Amino acid sequence: MASLGQILFWSIISIIIILAGAIALIIGFGISAFSMPEVNVDYNASSETLRCEAPRWFPQPTVVWASQVDQGANFSEVSNTSFELNSENVTMKVVSVLYNATINNTYSCMIENDIAKATGDIKVTESEIKRRSHLQLLNSKASLCVSSFSAISWALLPLAPYLMLK
C-alpha cells in the first residue's frame with residue numbers, strides 16, 4: 001500500500017501536470033483570434049457592391065473573393081481589403097469590398113490565416129438575399145496543445161495507482 005507521503009507526492013505531480021497543460025492551452029489560444037465574416041450588400045455605393053466584415057483576426061489573414069458563376073476568376077482588381085487595428089491593439093477588423101457584383105450570382109468572401117479559415121457566402125437575386133457563413137479550424141498550435149495535453153493526461157492518469165505503490 002502507498003504511504004501518505006507517496007500519495008501526496010503523486011497528487012502534487014498530477015496537479016503540476018494539469019496546470020502546465022492549462023498554461024499551454026492559454027498560450028496556444030492566446031496568440032490567435034478569428035471570427036465569422038458577415039457579407040452584405042453595400043447600398044451606399046453607386047454600383048452593386050458587396051461588403052465583407054469580420055471583427056477580430058490575428059495574425060493578419062488573407063482575403064479572397066470567389067464566385068459560383070465566374071469560377072477561377074481573379075477578383076483582386078475589383079476588390080479592396082483593409083485591416084483596422086482594434087482598440088486593444090492586438091486583433092484587427094477585416095473589411096473587404098467587392099465592386100461590380102452581378103445579381104443572381106453567389107459570391108464567397110474567404111478569410112484565412114494559419115489558424116482558421118472563415119467563409120461568408122451571399123446570393124443576391126431580384127427578390128431576396130441569402131447568406132451563409134462557416135468557420136474551419138486549421139492545424140494550429142492551439143489544437144496541437146490541446147492534443148498534447150490530452151495525450152499526456154490520458155497516458156499518466158492510468159499510471160497513477162502504479163506509481164503510488166512504488
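Asp121 touches Val39, Thr106, Tyr107, Ser108, Lys130, Arg131, Arg132 and His134, leaving aside residues up to four places away in sequence. The model is predicted.

**Asp121**

- Asp121 sits in strand β7, which covers residues 116-124.
- Its relative accessible area is 8%. Buried means under 20%, so Asp121 counts as buried.
- The side chain of Asp121 makes a polar contact with the side chain of Ser108, at 2.5 Å.
- Ser108 is also among the residues that Asp121 touches, as are Thr106 and Tyr107.
- Lys130, Arg131, Arg132 and His134 are on that contact list too.

**The disulfide**

- The structure holds 1 disulfide.
- Cys52 and Cys109 form this bond, with their sulfur atoms 2.1 Å apart.
- The torsion about the S-S bond is about -80°, so the disulfide of Cys52 and Cys109 is left-handed.
- Cys52 lies in strand β2 (residues 50-57), and Cys109 lies in strand β6 (residues 105-112). The pair therefore ties together parts that are 57 residues apart in sequence.

**Burial of the two cysteines**

- Cys52 has a relative accessible area of 0%, so Cys52 is buried.
- Cys109 is at 0% relative accessibility and likewise counts as buried.

Technical notes: Residues numbered from 1 in each chain as written. Predicted model: local features only at pLDDT ≥ 70, side-chain atom pairs only at ≥ 80, totals over all residues. Heavy atoms only, no water. Helix = DSSP H or I, 4+ residues; strand = E, 2+ residues; numbered from the N terminus. Buried < 20%, exposed > 50% of the residue type's maximum accessible area, 1.4 Å probe, protein only. Polar contact = N/O pair within 3.5 Å; in protein donor to acceptor, adjacent residues only side chain to side chain. Contact = heavy atoms within 4.5 Å. Disulfide = S-S within 2.5 Å.
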